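Student: I have a structure to go through and have not seen it before. Can we take it piece by piece?

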Amino acid sequence: MDFTEEIKLFSNRIIQIKDKIQTEEAVKTSIVLPFFHLLGYDIFNPEEFIPEYTTDVGIKKGEKIDYVIMSELSPVLLIEVKNCPDKNLKRHISQLFRYFAVSKARYGILTNGFKFILYTDLDEKNIMDTESFFEFNLLDLNDKDIIEISKYTKGAFNVDEIYESASELRYLNKIKQLIISQSKKPSDAFVNYILGEMHTGRKTKTLVDVFREYTKIALKSLISDDKQKVNSDNSLDFENTESKITMTQLEIESFYIVKSMLRKVIAPENINFIDSDTHFTIVVENNPEKWICKINLKNEKQIALPCTNDVGELSYDFESIDDLYELHNQLVDIVKNL
């Protein structure tokens, strides 16, 4: 059985027993020690794995860190364990920080048995960074986590090689978090940068709003990790998977044109859309029965409006998306009737 299979089995076991682990000692005996045994360390060899390692800090004598992994009789990895119900692990960083400062270790781990947070001294030598460079959760491992964890197995652990890659790993994670953040709510500065790279004309508010949606969709397509679910916080119905896939740039632009024309008669957040194989329908409050117009941009440029007096609809051909402005009065009357 290879390491990937072993750690997945271990993860499944932790998931099964996690509710029964309620004390710090239980975290140590049920998770932490078996985990490092899985990584290949002899947890019973005091020359390799030391529990209750003494780290005198200033006037505080006899302070002990839970575990230390040794290499050639010198500490290389500090491990501080907290109780598993303690979800706010990072509030204990100052404790690990003190231990790190007085030891020769290059790495520190803060864990509650489920989440493991790794630190080193990228910013200033011998002073532990306040930002972690790698984090993983045994209850929710992915393939990238397992590849990174495998570097800490006894046979593969190389202090210098991990240190060289730690900076890259930390900043890649920060960039990823930035992309996730921007995909939820792109900042004005970011949208204007994107727009400036692609558009030389005047930047109207409508155009900026259109590009904000382009940016959200483009960034979302770059996020491949299924664990990171990007939830839209605007009025567009991104819960509809089909809409996310089939929306085109012209459809987004048409949506914002209609939305801008109706802003004086209805709150913008109450205008939504429904996308299908044949039509892009703009509706009120996500209600298909309260449709304002149906725009066909997939096969031909045509817009349909509901009749206000009887059942049916009226269709208009158009050459440019800007021709929608000519239907301003009709659209306003439709919304007022709805």
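Student: Which helix and strand each supply at least two residues of the lining of the second largest cavity?
Tutor: Helix H2 (24-38) and strand E5 (115-119) do. Helices (H or I, at least four residues) and strands (E, at least two) are DSSP runs, numbered from the N terminus. This is a predicted model, where local features need pLDDT of at least 70, side-chain atom pairs count only at pLDDT 80 or more, and totals for chains, interfaces and linings use all residues. Residues are numbered from 1 along each chain as its sequence is written, and side-chain values use heavy atoms, leaving out hydrogens and water.

Student: What classes of residue are in that lining?
Tutor: Ten are nonpolar, with no polar and no charged residues. Among them are Phe35, Phe36, Leu39 and Tyr152.

Student: What about confidence, i.e. what pLDDT does the protein average?
Tutor: The average is 81, and 86% of the residues score at least 70. pLDDT is the predictor's confidence in each residue, from 0 to 100.

Student: Where does pLDDT stay under 50?
Tutor: Over residues 225-246. The model has 46 contacts for that stretch beyond four places in sequence, a contact being heavy atoms within 4.5 Å.

Student: New topic: is Asn296 buried or exposed?
Tutor: Asn296 counts as buried because its relative accessibility is 8%. Buried means under 20% relative accessible area, exposed over 50%, partly exposed in between (1.4 Å probe, protein chains only).

Student: And where is Asn296 placed, and which residues does Asn296 touch?
Tutor: Asn296 is in strand E9 (residues 287-296). Not counting residues up to four places away in sequence, Asn296 touches Thr278, His279, Lys301 and Gln302.

Note on methods: On a 1 Å grid over the protein atoms alone, a cavity is a set of points where a 1.4 Å probe fits but cannot get out, and a pocket is an open set with protein on both sides within 12 Å along at least five of seven lines; lining residues have an atom within 4 Å of a point. Ala, Val, Leu, Ile, Met, Phe, Trp, Tyr, Cys and Pro count as nonpolar, Asp, Glu, Lys and Arg as charged, and the others, Gly among them, as polar.
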